Number of protein chains: 2
Amino acid sequence: MKLKSIPGGVTAAKGFRASGVAAGIKVRGKRDLALIYSQSPAVAAGMLTTNQLAAAPIRCCKTIFKRGKAQAIIANSGNANACTGIQGMIDAQGMAQAAAKALSLDPRMMLVASTGVIGRPLPIRKILEGIPSAVTHLNAHGSHAAAEAIMTTDLVPKEYAVEFSVEGAPVRIGGIAKGSGMIHPTMATMFAFLTTDAAITLPSLRVAVKQAVAHSFNSITVDGDMSTNDIVAVLANGRAGNKALQAGDAGLGAFVRALTHVCEHLAKMIVKDGEGATHLITVDVRGAHSAHEARKAARGVAGSLLVKTMVTGRDPNWGRVAAAIGASGAHLNPGKLTISLGGITVFQHGQPVRFNPLHLKRVLDHPETLISIHLGAGASQGHVWTCNLTEGYIHINAKYTT
Amino acid sequence: MKLKSIPGGVTAAKGFRASGVAAGIKVRGKRDLALIYSQSPAVAAGMLTTNQLAAAPIRCCKTIFKRGKAQAIIANSGNANACTGIQGMIDAQGMAQAAAKALSLDPRMMLVASTGVIGRPLPIRKILEGIPSAVTHLNAHGSHAAAEAIMTTDLVPKEYAVEFSVEGAPVRIGGIAKGSGMIHPTMATMFAFLTTDAAITLPSLRVAVKQAVAHSFNSITVDGDMSTNDIVAVLANGRAGNKALQAGDAGLGAFVRALTHVCEHLAKMIVKDGEGATHLITVDVRGAHSAHEARKAARGVAGSLLVKTMVTGRDPNWGRVAAAIGASGAHLNPGKLTISLGGITVFQHGQPVRFNPLHLKRVLDHPETLISIHLGAGASQGHVWTCNLTEGYIHINAKYTT
């Protein structure tokens, strides 16, 4: 399959429009209200946070994903509308209804999302006042503005799109995403809104999203915190004109790979832009008893503050990687365990290996760090992406609301 | 029961001697070799790390705790003797044997422990050369020197002791401990060496240690990392002259409470001295379905980097506490969930409460922060102690071996 990276982000696929406007939720006139719109009804699937205190908008989306149809997404940054009680639910529904009305849509076709501070009343009046402007600004090049409007502590807007072919028909998948703190699997605390002009059945889209998310947004961690507001949503409006993809189609495999690729790309962008991060760390685990065990070991290492600060300090203190593997609970064979950093083997078959610390230091100078682990306990593999932990993270998070 | 805090630490109990000398493992002539000695054989029980890559000395101690008898502990800082392969095992045994020989003990009576950098060969020659000096320096006031000799990134040595009475006989329990990074339950990454002159049967000592550790060292977390070298060891030499405590004795309850008290005190000292820490945070959970669920919620909150940095920034962003509870997986009733910080209720029965952010900021200025949570799901409770996360932690850990 040939995948071509193309511009356009969440509006790259046919028939999608987007906008991002400033509704006054954030200070200094920053964009804080995003709207994504499909010119025709779309099949909709997604994944939502499993946090027991899921925000009000998340509960609205749950109902919509059950039906599997949607035509637009309204999302604000600056306020999470989480832990806001009954008023929060009223506000989330009000926000969705107002946006639906402005677009002449059935409110049941409107996804709604919020991100920002938890526990403060949603400034619903500002949002209602901003919606007409968001509708007016909808356009085929609105992806960047929408990506900006969902940013919280993100330093860069995140968008990506690809084109590939399904039985001769060009199909596009694109999306926008936001991080960048509270990032942790199941799921990564984030938004990812994806659009595609592929025609696909609802059951197949659901399977595709599940697979793509497992290998991307559920394979990243920044700080181990899971938010109340995580959402991945995919709208497929069928405008590419292909025969609707369904189970058993060769084209479905291509679609899943392309969707996974886009999600992986956006997921890595989130990690690279992790709060205070300067390094992308890939923890690659092989020789595991099962894929689940591989992931467990990888998460253990990726979640270790001592490993993250080791990378920050370019400190060849690989013993912390070993300690994190041992603590992860993943099944391993101590006599066969092998660890390498950036291709330099430091521990082999349970024995430390002599290496030049200067070489290792040089490897850690590179902004992408690869930690490879062989557990010696099987033939399965898995990986997790994370970022290093710096004083910048503390600085950002000690002052978030003040 | 009346507990009196007394000086003397690990040498407070009758018949115990200790020393701490500089063997040259650490730089600049700092103490790095500790020896604790009972003048008569003692009943020994303890708990060891569950890290699958447990260090060589941990594996030596496992055998000794199975027998339940010991008379001395030799411990070094500056090198963990973990991930050191077969040579590591030879070195750990060599260290124990040399110390036993110098004290004319059966090597099976010698506990051994190491802490420091993982994955580097133990400088066994320096240790062997240091042992005679450690033996020579053994004395009844050696607790402080021993506490210093087990420090790694700890800023202050940790020692504590109490006296209480068992059926008229004065009994003492004392100990030394070290932290201060890689601190996490099951178990906290640390050393705690405790001594008592109580007479107690091995089965009762084992039960007492398990209970005391659950409520102390297994209720603290600094950074979520579990080390390869954690050990809690308790030696009871019976010199207090009481009738040996056993199951069913009223005195055993007093002993367990006193041991728990000493362990809690040392555990809190570890957290307060957490790397870069400026605040002791107590997460107190009530209304849980079970004690296990209470602990789960408390650990979720105590482990959240966003909660820790919120305290660092004196930032009244309590939504992070809610998000961490929701993410913890602990069973809760969202409509009854209540959260207060330093006695100020911020979220009650699932609804945010109006409060003066300046009052909350003032509460967070206090070096001890209480986070109280009611899950509304039962009648059980639990707590976890942790510390805040500061730029100091990053600074310390980015430069640990270099």
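Visitor: Over which residues of chain A does pLDDT stay under 50?
Guide: This is a predicted model, in which local features need pLDDT of at least 70, side-chain atom pairs count only at pLDDT 80 or more, and totals for chains, interfaces and linings use all residues. Residues are numbered from 1 along each chain as its sequence is written, with chains lettered from A and ligands numbered from 1 in the order in which they are written. Chain A averages a pLDDT (the predictor's confidence in each residue, from 0 to 100) of 91. The stretch that stays under 50 is residues 184-188.

Visitor: In β6(B), which residue is the bridge partner of Lys4(B)?
Guide: Strands are DSSP runs (E, at least two residues), numbered from the N terminus, and two of them pair if DSSP finds at least two bridges between them. Strand β1 (residues 4-5) of chain B pairs with β6(B) in the antiparallel sense over two bridges. On β7(B), Arg172(B) stands opposite Glu163(B). The partner of Lys4(B) in β6(B) is likewise Glu163(B).

Visitor: How many bridges join β6(B) and β7(B)?
Guide: Their hairpin has two residues between the strands, and Glu167(B) takes a positive phi near 45 degrees there. β6(B) covers residues 158-166 and β7(B) residues 169-178. They pair in the antiparallel sense, and the number of bridges is nine.

Visitor: In chain B, which residue has the C-alpha nearest the axis?
Guide: Superposed by least squares on the C-alpha atoms of residues with pLDDT of at least 70 in both, chain B is laid on chain A by a turn of 180 degrees and a shift of 0.0 Å along the axis, with an RMSD of 0.0 Å. The two copies are therefore related as by a two-fold rotation axis. At 2.4 Å from that axis, the nearest C-alpha in chain B is that of Glu391(B).

Note on methods
Two residues are in contact if their C-beta atoms, placed from the backbone, lie within 7 Å. A residue is buried if 20 or more other C-beta atoms lie within 10 Å of its own, exposed if 12 or fewer, and partly exposed in between; C-beta atoms are placed from the backbone. Helices (H or I, at least four residues) and strands (E, at least two) are DSSP runs, numbered from the N terminus.
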